[in-house]
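Dear colleague,

Please find the structure for your review below. My notes on what was found in it follow directly after.

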Amino acid sequence: MGFGSYDESEQQNQEVNTDDDSEGVSVHENDHEGELKFETGASTDDLVDKLQDIKDDTEDE
């Protein structure tokens, strides 16, 4: 079959390994404890004004 075509024979006899003995992925393998800090150099009022500008721009569209 060509590119983008569908062939039902490709869907038959598919083997899937469902052994429970296989190793899984640990979602906690790379957990890190720490703290992230950053300084913007802008005041809270500046940031609030910028947020309002963004909101106004999206309302105009």
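In which helix is the place of E59? E59 lies in helix α1, which covers residues 44–60. Please bear in mind that this is a predicted model.

As to the overall fold, the chain contains one helix and zero strands. Of its 61 residues, 0% are buried.

Turning to the charged side chains, E59 belongs to a negative surface patch. The members of this patch are D45, D46, D49, D53, D56, D57, E59, D60 and E61. E59 has a relative accessible area of 61% and therefore counts as exposed, since the cut-off for that class is over 50%.

Side chains of opposite charge can pair when their charged atoms come close. The count of salt bridges in this model comes to one. In that salt bridge, the side chain of K37 meets the side chain of E35, with an N to O distance of 3.2 Å. This falls within the 4 Å limit used for a salt bridge.

Are the two partners buried or exposed? K37 is exposed, at 68% relative accessibility. E35 is likewise exposed, with a relative accessible area of 65%.

In summary, the points for your attention are the salt bridge between K37 and E35 and the negative surface patch that includes E59.

With kind regards

Notes: Residues numbered from 1 in each chain as written. Predicted model: local features only at pLDDT ≥ 70, side-chain atom pairs only at ≥ 80, totals over all residues. Heavy atoms only, no water. Buried < 20%, exposed > 50% of the residue type's maximum accessible area, 1.4 Å probe, protein only. Patch = residues over 30% accessible without salt bridge, like charges linked within 9 Å, V, L, I, M, F, W, Y side chains within 5 Å. Areas by Shrake-Rupley, 256 points an atom, 1.4 Å probe, with all protein chains shown as cover. Lys, Arg positive; Asp, Glu negative; His and termini not counted. Charge placed at Lys NZ, Arg CZ, Asp CG, Glu CD. Helix = DSSP H or I, 4+ residues; strand = E, 2+ residues; numbered from the N terminus.
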